[in-house]
Amino acid sequence: TLPITKSQQKWLIDKLKNVRKVKAALPFQHPVDPVALNIPSYPTIVTRPMDLSTIESKLKNEQYGCIDEYVGDFNLMIQNSITFNGPDHAVSALGQSLKAYFDKQMSSLPSDASTQPAKAKKEKKPPVAAQRPAASRRESKVSVGGARSPSGNETFALGPNGMPTIRRDSTIDRPKREIHRPPPRDLPYSTAKPKRKKYQLELKFCDYVATEMTKPKYSKFSYPFVVPVDPVALNIPNYHNIIKKPMDMQT
């Protein structure tokens with residue numbers, strides 16, 4: 001309930017950006033438009049609408065007095081979707097998934113004390129002159145010509161850092177390493193590859209386009225087409241009488 005500090009505000013803005021990138025956040029990006037979605041009863045049922053863009057705007061404009069007010073608006077947004085659509089609706093399920101992700105982010109909220117940088121104690125480094133004798137002593141223990149193995153039978157050349165360079169005998173049998181084929185550079189398949197090679201490239205491109213269109217940056221105009229139309233939730237009982245072959249992006 002304490003006022004939000006500047007460092008906490010910056011942290012909350014960064015985490016809210018991560019929340020908006022989640023796929024489950026698609027229906028909550030912008031305010032609900034009852035006219036565009038043909039749900040004229042929405043303002044009557046949901047008297048206090050809320051969405052992620054409004055929350056982000058209020059957070060940036062410092063309209064939240066404390067963390068509880070910020071969390072309260074997010075919970076209100078999720079509860080609004082359940083109140084209007086019902087607990088078993090697809091949008092309500094996405095809201096619950098988004099809330100779980102949000103709560104996980106908020107569990108690591110830094111306190112006011114932890115956000116202020118602590119004064120780190122500067123470690124005193126020994127002077128350069130004090131380090132040189134130690135290095136010279138190490139070098140004096142190693143002969144200039146080379147280093148001998150513990151058995152005393154082999155001599156190894158010294159590298160530039162003073163360490164002996166050990167060469168292994170190439171005649172010793174070693175287990176062969178498995179050769180793995182590098183991954184293909186073209187676009188991967190999210191589903192099974194088509195059986196006919198003739199259409200692999202075309203279907204690969206279609207899969208890429210379909211995945212691209214469901215990204216959050218297109219949610220402003222793709223949201224009505226992402227999930228199947230629910231005639232009960234949208235209060236349009238004659239939908240299936242008019243639309244004989246329903247289709248959506250998810251399908």
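Me: How much space lies in the largest pocket?
Reply: Keep in mind that this is a predicted model. The volume is the space filled by probe spheres set on grid points. For the largest pocket, that comes to about 640 Å³.

Me: Which residues lie nearest the centre of the largest pocket?
Reply: The lining of this pocket has 32 residues. Five of them are named as nearest the centre: L37, I39, Y223, P224 and L234.

Me: Which helix gives the most to the lining of the largest pocket?
Reply: The top contributor spans residues 67-85. It supplies five residues to the lining. The helix is α4.

Me: How many residues of the lining of the largest pocket are nonpolar, polar and charged?
Reply: Sort the lining residues by type. Three are charged and six are polar. The nonpolar ones number 23.

Me: How many salt bridges does the structure hold?
Reply: A salt bridge needs a side-chain nitrogen of Lys or Arg within 4 Å of a carboxyl oxygen of Asp or Glu. R20, E56 and K60 are linked in a network of such bridges. For the structure, the count is seven.

Me: Where do K99 and D103 both lie?
Reply: These two form a salt bridge, with their closest N and O atoms 2.9 Å apart. They sit four residues apart, about one turn of a helix. That helix covers residues 90-106 and is α5.

Me: Is K99 buried, partly exposed or exposed?
Reply: The middle class runs between 20% and 50% relative accessible area. K99 has 24% relative accessibility, so K99 falls in that class.

Me: Is E212 buried or exposed?
Reply: E212 forms a salt bridge with K215, closest N and O atoms 2.9 Å apart. E212 also forms one with K217, at 3.3 Å. K215 is partly exposed at 35%, and K217 is exposed at 59%. E212 has 15% relative accessibility, and buried means under 20%, so E212 is buried.

Me: Which residues form a nonpolar patch on the surface?
Reply: Patch residues need over 30% relative accessible area. M249 has 32% and counts as partly exposed. M249 is found in the segment after α10 (239-242). Together the patch has about 290 Å² of accessible area, and its residues are M213, F225 and M249.

Note on methods:
Residues are numbered from 1 along each chain as its sequence is written. This is a predicted model: local features need pLDDT of at least 70, side-chain atom pairs count only at pLDDT 80 or more; totals for chains, interfaces and linings use all residues. Side-chain values use heavy atoms; hydrogens and water are left out. Patches are made of residues with over 30% relative accessible area and no salt bridge: like charges are joined within 9 Å, nonpolar side chains (Val, Leu, Ile, Met, Phe, Trp, Tyr) within 5 Å. Accessible areas come from the Shrake-Rupley method with a 1.4 Å probe; for residues, only the protein chains shown count as cover. Helices (H or I, at least four residues) and strands (E, at least two) are DSSP runs, numbered from the N terminus. Buried means under 20% relative accessible area, exposed over 50%, partly exposed in between (1.4 Å probe, protein chains only). On a 1 Å grid over the protein atoms alone, a cavity is a set of points where a 1.4 Å probe fits but cannot get out, and a pocket is an open set with protein on both sides within 12 Å along at least five of seven lines; lining residues have an atom within 4 Å of a point. Ala, Val, Leu, Ile, Met, Phe, Trp, Tyr, Cys and Pro count as nonpolar, Asp, Glu, Lys and Arg as charged, and the others, Gly among them, as polar.
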